[in-house]
Amino acid sequence: MALRHLRLIAVNIDGVLLNDTFSPVIHRFVVRRGGVYTAELERAVLSQPQLRAAAAMGVPGTPEEVVEAYFRERSAYLVDHPVRVMEGAGALLARLRSTGAHMVCYGGLGRGHFERHLGPYQAYFDGPGYVCTDAFRPGVREIAEDVFGVRTDQALFIDDVARVAEAARELGAAFIGHPTAYEHSFQRQLMYRAGVRHLVGSLGEIDEHLVRTVDAEAAEGRLWGGTAVAAAFGEPVCALA
């Protein structure tokens with residue numbers, strides 16, 4: 001499945017290759033402390049450096065204290081809801097590897113998180129294998145240009161967070177959205193609002209046809225034109241709550 005234009009495929013770790021263990025904890029963390037969970041709050045928190053995200057939660061405590069409390073609550077959550085590799089992740093990586101493009105995994109946690117949960121899949125990735133983006137989130141330009149030396153329009157990002165889509169649109173990078181199914185999440189609506197053309201509900205939907213379609217759009221400079229499309233959900237654009 002050789003590609004015409006794309007030279008890099010960057011795949012987010014949590015929410016794409018691993019299950020989403022962040023949205024449920026963030027929602028519970030905010031609501032339990034008397035906060036109101038809104039689309040605006042969620043947008044301000046996800047894919048941000050940890051201290052900035054903590055400040056945006058609007059709960060008592062310094063950013064450092066909030067980060068510490070949040071990760072304590074996440075650890076408790078993981079006892080009953082452990083991190084797991086998403087169904088179809090291995091097959092997806094094999095399909096993407098067959099394109100000949102460079103591949104990398106990225107996310108906001110340290111490299112140990114990647115090695116612990118995706119160790120058997122490390123051979124699929126190039127360069128550093130994994131890029132921790134906590135210092136420069138969302139990291140679209142840094143991963144493409146600084147780490148791999150390709151133009152942003154030659155990179156495809158697969159992510160579950162609309163803020164990454166917004167950065168991709170601004171920089172002309174390709175994007176496939178895999179928003180969480182968590183009931184209180186606003187990411188699907190935020191991706192619609194960002195103009196994301198390709199949303200999927202499962203990793204199996206990121207097939208050869210879709211990757212070739214995105215590659216053609218990138219080659220022809222029409223990644224972000226026209227109306228947002230989300231065939232996997234079959235729904236019109238939703239108004240934000």
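**Exercise 1. In which helix is the place of Leu-210? Determine also whether Leu-210 is buried or exposed.**

The model is predicted: local features need pLDDT of at least 70, side-chain atom pairs count only at pLDDT 80 or more, and totals for chains, interfaces and linings use all residues. Residues are numbered from 1 along each chain as its sequence is written, and side-chain values use heavy atoms, with hydrogens and water left out.

*Solution.*
- Step 1. Leu-210 has its place in helix H10. Helices (H or I, at least four residues) and strands (E, at least two) are DSSP runs, numbered from the N terminus.
- Step 2. The relative accessible area of Leu-210 is 11%, so this residue is buried. Buried means under 20% relative accessible area, exposed over 50%, and partly exposed in between (1.4 Å probe, protein chains only).
- Step 3. Not counting residues up to four places away in sequence, Leu-210 touches Ile-176, His-198, Val-200 and Glu-205; contact means heavy atoms within 4.5 Å.

**Exercise 2. Describe how H1 and H4 pack.**

*Solution.*
- Step 1. The angle between helix H1 (residues 23-32) and helix H4 (residues 63-80) is about 120°, and their axes are 10 Å apart. Axes are lines fitted to C-alpha atoms, for helices over the stretch in contact, and angles run from 0 to 180 degrees between N-to-C directions.
- Step 2. H1 is therefore oblique to H4. Angles under 35 degrees count as roughly parallel, over 145 as roughly antiparallel, 65 to 115 as roughly perpendicular and the rest as oblique.
- Step 3. From H1, Pro-24, Val-25, Ile-26, Arg-28, Phe-29 and Arg-32 meet Val-66, Ala-69, Tyr-70, Glu-73, Arg-74 and Tyr-77 of H4.

**Exercise 3. Which residues of helix H5 are buried, and why are they on the same side of H5?**

*Solution.*
- Step 1. In helix H5 (residues 89-97), the buried residues are Ala-89, Gly-90, Leu-92, Leu-93 and Leu-96.
- Step 2. They lie on the same side of H5 because they cover an arc of only 160° around the axis. The arc is that of the directions from the helix axis to the C-beta atoms.
- Step 3. These buried residues of H5 pack against strand E1 (8-12), strand E2 (102-107), strand E4 (155-159) and helix H10 (208-219).

**Exercise 4. What is the phi of Ser-47, and which peptide bond is cis?**

*Solution.*
- Step 1. Most residues other than glycine have a negative phi, and most peptide bonds are trans.
- Step 2. Ser-47 has a positive phi, near 55°, and lies in the loop between helix H2 (39-45) and helix H3 (50-56).
- Step 3. The peptide bond from Arg-137 to Pro-138 is cis, with omega near 5°.
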